[in-house]
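This report goes through the chains one by one and then turns to how their parts meet. The sequence and structure come first.

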Amino acid sequence: MTSPPIWRLAPGQRLQYRCWDGECVLYNDLSGDTHLLDEFALALLEQLKAGPQAAAQLAAAFELDAQDEDAALQTVLDDLAALFLIEALPC
Amino acid sequence: MTALPLLTRVLRQPPSMAQLGAPEWELLLRQAVATDMGATLALLAEEHGLLQALPAQVRRRLDWERTGWRRHGQAVRFELRQVQHALRTSGLPLILLKGTAYVAAGLPAAAGRLFSDVDILVPKNRLNEVEGLLMAHGWASSHHDAYDQRYYREWMHELPPMQHMRRGTAIDVHHAILPETARVRPDPALLRAGARALPGQPGLFVLAPCDMVLHSAVHLFSEGEYDHGLRDLFDLHRLLCHFGANEPGFWTALPLRARELELTRPLFYALRYCMRVLGTPVPAATVAAAAAGRPNPVLLALMDSLFLRALRPVHPSCAGTLTALSDLMLFIRGNWLRMPPLMLSRHLFQKAFLTPRNVKLDQV
Amino acid sequence: MLTVAALSESALSARLRGPGLRLRTGPFISCIRSSVPALAVALARMYGDYPVLDDDIPADFDVLLRRPRGLRRLVKPQVFFHYDGMEPFQPLPLAQLYPMFEWAMNWCVSSHAHSWLVIHAAVVEKEGAAVILPAPPGSGKSTLCAALVARGWRLLSDELTLVRLDDGRIDPVPRPVSLKNASIDVIRAWAPQAHLSPPVADTMKGTVAHMRPPQASVARADEPASPAWIVFPQWRAGACAELVSVPQARAHLRLAENAFNYSLLGAAGFTTAARLVEATRTFDFSYGALDDAMAVFEGLLAQRR
């Protein structure tokens with residue numbers, strides 16, 4: 001029985017990005033990669049800049065309440081973690 | 001022949017860079033780039049506050065070198081995070097070696113230093129487990145030839161280099177600092193026991209100062225290839241200077257630790273050539289204590305002529321007629337220390353004729 | 001100012017065989033050495049307008065093109081490119097000496113010039129506005145570049161667009177424009193007054209020739225330009241000349257893909273590419289006929305006026 005993870009911005013990520021017409025390019029300070037992200041993903045990252053939060057808090061911040069919206073949020077969080085932009089805090 | 005090459009003179013006395021004219025700068029840059037020390041030169045100029053005094057064209061050129069080095073450091077730090085993540089369930093302390101250690105510890109030896117592999121030290125009985133964890137996280141073993149696999153696993157002190165399939169980066173997993181087959185066997189358990197945690201970086205360790213110096217000396221004076229002889233000697237010089245100034249009791253402990261690890265011979269050479277080529281300030285008492293590693297006069301004279309030649313910058317301006325021969329003799333000598341003579345000739349034969357050529361990984 | 005054209009044949013050869021010919025191309029000084037006579041001939045033909053320097057400024061690049069020693073030189077004539085004791089390329093047949101020289105000069109810049117974001121692209125300028133033409137091989141970039149230059153656009157480069165990291169302006173490094181295969185004849189017909197080097201067949205890029213840049217472009221090599229457009233060209237037989245907008249985020253990524261040192265520059269590469277995208281209008285461009293293409297580019301200029 002594990003509690004849901006707390007997500008945080010990976011330490012060292014300064015979030016250098018540009019957005020144009022709903023698409024954003026972001027420079028990954030850790031890997032040196034450049035990513036193409038949509039505005040929602042960027043907004044999520046900006047939200048985490050304020051401090052570590054659980055998925056439920058993030059859903060609330062973006063007013064997501066439907067089941068499929070939660071699933072979509074989880075997918076985005078997993079994708080961002082795979083890119084080393086965010087990480088789940090050890091419990 | 002008696003005059004030191006320009007690069008060597010500058011490494012001995014970095015402030016002398018401020019007095020160089022344009023033709024000398026050209027030569028210095030060529031020698032540095034050929035010896036993989038372009039970024040080192042740039043960082044030295046910065047460290048000694050010389051950049052503004054240099055010609056704009058030179059400053060710009062050095063800036064190019066520094067840019068590549070900064071990107072390299074970022075890649076090393078990122079790679080370390082991945083390695084740590086992959087090995088976290090093993091519970092093993094992650095002991096870093098060589099360039100990786102210099103970068104993680106923020107040592108002066110890291111300044112301008114480029115290298116292609118991450119090097120770590122693990123206990124021999126945990127090798128398979130470590131290899132398995134790395135493979136589970138995307139690293140694959142190179143050297144698929146059955147002979148090379150055996151060479152590494154039975155005779156060498158490390159796994160065959162592993163390469164990350166997506167990132168293309170390489171990691172060398174060592175269990176000792178000299179091979180099983182070498183004449184001297186510095187006890188890896190002693191090295192691991194002396195390893196020091198890095199402040200602010202939980203889980204990361206580097207060898208104790210004496211051990212770091214001795215490992216560098218072993219690496220230089222028993223490796224097969226001397227392409228980077230001067231660069232590796234400069235590493236030693238910087239390590240000695242840094243620890244000499246910052247680590248209490250370092251100069252006394254160094255020869256004692258060398259004896260404990262059976263590394264008195266490499267220490268003798270390290271101090272001798274650092275002092276002669278780079279003017280490292282080693283206290284007389286340490287030199288005296290290190291004399292235990294001195295070879296007989298005939299051998300010493302031979303080694304002097306070989307090493308002093310091999311430790312020149314790798315550039316056509318520094319190549320004498322004997323260089324190719326001395327490099328070959330040193331290659332043989334290097335491998336002889338690592339493998340007994342009979343096995344050596346068989347190994348060289350196999351490597352030359354049976355193994356497909358390997359390509360060295362790019363650095364950045 | 002001493003130029004290559006002002007040197008006698010023997011003086012040029014003496015420099016190449018001896019201390020090196022020190023040539024300035026845009027922001028770079030190259031020290032070129034070779035004892036192969038064909039290089040002196042090629043440089044005299046293609047680099048007449050370029051400044052020749054003395055050794056009071058350190059050269060950035062050291063380019064040595066030499067033949068192998070010993071009996072091998074008789075059997076299969078080859079040439080090697082040496083750089084600071086390394087050989088970055090495989091040796092090539094001696095007949096390819098001049099193209100090899102041009103490729104070596106490109107390699108020097110693309111591998112080292114980290115004061116700029118170096119994009120694999122042509123860049124030309126007119127009326128104070130520069131258009132950048134990035135493209136992988138086969139897109140028709142070089143033909144388009146040569147055609148524009150022949151119609152009065154200033155050549156900044158046919159292969160290496162140098163975007164300053166500090167202010168985003170483009171520094172010229174004008175050198176002979178490389179052409180291959182069919183485009184050689186196309187440009188010969190398009191610009192009969194242009195000076196082309198003798199075509200060299202069977203190179204790894206096919207048949208290759210170079211067009212000497214206009215003297216005016218070489219003379220203005222110290223004059224940076226401000227970027228106004230990024231145009232990704234794609235030649236297709238029979239296609240209409242058409243510009244299609246590229247979304248900026250995509251343009252950023254495509255610039256990054258086409259830049260030699262984007263990743264090496266780290267954050268500076270990112271901000272330079274982003275600034276470039278923000279300062280320009282970015283398009284895909286398909287075309288089939290050069291006349292149509294010229295009209296489109298003149299149209300871009302007209303919109304700006």
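## Chain A

Chain A has three helices and six strands, where helices (H or I, at least four residues) and strands (E, at least two) are DSSP runs, numbered from the N terminus. Starting at the N terminus, their order is β-β-β-β-α-β-α-α-β. The model is predicted: local features need pLDDT of at least 70 and side-chain atom pairs count only at pLDDT 80 or more, while totals for chains, interfaces and linings use all residues. Residues are numbered from 1 along each chain as its sequence is written, with chains lettered from A and ligands numbered from 1 in the order in which they are written.

The C-alpha trace of chain A spans about 35 × 30 × 20 Å along its principal axes. Of the 91 residues in chain A, 23% are buried (20 or more other C-beta atoms within 10 Å of the residue's own; exposed means 12 or fewer, partly exposed in between, with C-beta atoms placed from the backbone).

## Chain B

Chain B contains 16 helices and seven strands. Its 364 residues are 45% buried. Of the contacts in chain B between residues at least 6 apart in sequence, 68% join residues at least 24 apart; a contact requires C-beta atoms, placed from the backbone, to lie within 7 Å.

## Domains of chain C

Chain C is split into domain 1 (4-112) and domain 2 (117-304), with bounds from an automatic or database domain assignment. Their C-alpha centres are 25 Å apart. Contacts link 18 residues of domain 1 to 20 residues of domain 2. On the domain 1 side, helix H2 (37-46) and helix H4 (97-112) of chain C are the elements that give two or more residues, and H4(C) has the largest share, seven residues.

## Helix H6 of chain C

In helix H6 (residues 182-190) of chain C, the buried residues are C:Ser183, C:Ile184 and C:Ile187. They line one face of the helix, because they fall within an arc of 110 degrees seen down the axis of H6(C); the arc is that of the directions from the helix axis to the C-beta atoms. C:Ala182, C:Asp185 and C:Ala189 are exposed on the face turned away from the buried side. The cover over the buried residues of H6(C) includes helix H5 (141-150), strand E11 (177-180) and strand E13 (206-211) of chain C.

Definitions and conventions
Two residues are in contact if their C-beta atoms, placed from the backbone, lie within 7 Å.
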